[in-house]
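Please read the following note on aromatic ring contacts alongside the coordinates.

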Amino acid sequence: MFRRDASSLNEVVDDFDIRLSQVVVPRERFDALLRALRQWQTDQEEFSVDLDWRDATLTLEVAHRPDVGGDRWKPAFTLYYSCAQNRIEVTFLVDASCLLEWSEGLEQAVAVPN
């Protein structure tokens with residue numbers, strides 16, 4: 001949780017601009033993420049994919065978390081990032097359309113033009 005002040009959890013705070021150092025994702029792990037996202041669209045099965053490279057760790061998880069709420073169609077998306085300088089965990093609720101749009105965008109980003 002990134003808070004700039006000691007305000008209550010019900011107050012709106014300014015967005016944070018978080019810049020993470022580069023994580024180079026091996027293609028086989030990227031493909032595993034795409035498969036997991038596609039499979040979630042079929043069965044809403046929770047998943048966690050590690051996109052580690054050298055000293056940086058990036059894990060993306062779509063799962064139901066009792067501390068966040070949500071339901072079968074609105075799971076928690078959690079990003080875990082760590083490197084020598086810091087460790088970050090960010091969680092928010094997503095829905096099927098968000099995950100579909102994300103997976104389609106990732107597929108387009110790596111598509112080979114004809």
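1. Phe77 is buried, with a relative accessible area of 9%, where buried means under 20% relative accessible area, exposed over 50% and partly exposed in between, using a 1.4 Å probe and protein chains only. This is a predicted model, in which local features need pLDDT of at least 70, side-chain atom pairs count only at pLDDT 80 or more, and totals for chains, interfaces and linings use all residues. Residues are numbered from 1 along each chain as its sequence is written, and side-chain values use heavy atoms, with hydrogens and water left out.

2. The ring centres of Phe77 and Trp102 are 5.5 Å apart with the planes at 90 degrees, so this pair is edge-to-face; rings of Phe, Tyr and Trp (its six-membered ring) pair if their centres lie within 6.5 Å, and planes under 30 degrees apart count as stacked, over 60 as edge-to-face and the rest as tilted. Phe77 sits in strand S3 and Trp102 in helix H2 (residues 96-110), so that the pair links distant parts of the chain, 25 residues apart; helices (H or I, at least four residues) and strands (E, at least two) are DSSP runs, numbered from the N terminus. Trp102 is partly exposed, at 30% relative accessibility.

3. A search of the whole structure finds three aromatic pairs. Among them, Phe77 and Phe92 form a tilted pair, 5.3 Å centre to centre and with 35 degrees between the planes. Phe92 is partly exposed, its relative accessible area being 40%.

4. Ring pairs link Phe77, Phe92 and Trp102 into a cluster.
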